[in-house]
Amino acid sequence: MNKPLAILIGLGGLGVILALGKKSEGAVTGPPLPLVWMPTEYAEPSNRQSLDFIVLGVEGDVSGITHYQIGTDAIVQLVDEKDIAKGSGVAEIDERALYLVVQDTSQTVLDAAAWVVARAVKHWSVPLAFVDAPKIDKQARGITTHNELARSVLNPGPLEVTSYEFPMDELLALAKHHR
């Protein structure tokens, strides 16, 4: 039996679309939170055909434009995944990355982030595996964090390492559940 996980709300001409998640036989088939489309004018239009990284960061530790902002109430998509979000300020990184910024690392937010990651992994054929800075430096593809990008040789300087470490093991386990 399918049960709705969110209520759809139409906001007319504001360019907002909310999706409805469903739960069926214990697996989430739609978003665990409302999915909101709020396009930003700061994205770089593109028609890229591949990605190397899905990059996660926590609000306050990351500056720049992100594809998704995930909070306790909604998943907000600001940039179409085929377009380039200037999340790092380094073109060579931004052209290869899909950015997600989470409000916090509560269970609700991590589950929503994992749902986005699982969809992106499937769509872009990015391995559902953590890549740290040394692996990034060796051209590995996968899921990484703002801090790992900042530690990699791809970063000529604008990204700074923060003190926060993302709970990657938990996120990857949740993303496996959403596949």
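**Exercise 1.** Work out why strand 5 (residues 53-58) is largely enclosed by the rest of the structure.

*Solution.* Start with the terms: strands are DSSP runs of E with at least two residues, helices are runs of H or I with at least four residues, and both are numbered from the N terminus. Buried means under 20% relative accessible area, exposed over 50%, and partly exposed in between, using a 1.4 Å probe and protein chains only. Now count: six of the six residues of strand 5 are buried, so the strand is largely enclosed. Then check each face: Phe53, Val55 and Gly57 are buried on one side, and Ile54, Leu56 and Val58 are buried on the other.

A quick note on the model: it's predicted, so local features need pLDDT of at least 70 and side-chain atom pairs count only at pLDDT 80 or more, while totals for chains, interfaces and linings use all residues. Residues are numbered from 1 along each chain as its sequence is written, and side-chain values use heavy atoms, leaving out hydrogens and water.

**Exercise 2.** Find the strands that pair with strand 5.

*Solution.* Pairing takes at least two bridges found by DSSP. First, strand 8 (residues 97-102) runs parallel to strand 5, with six bridges. Next, strand 9 (residues 142-145) is also parallel to strand 5, over four bridges. Finally, zoom in on Val55: opposite it are Tyr99 in strand 8 and Thr144 in strand 9.
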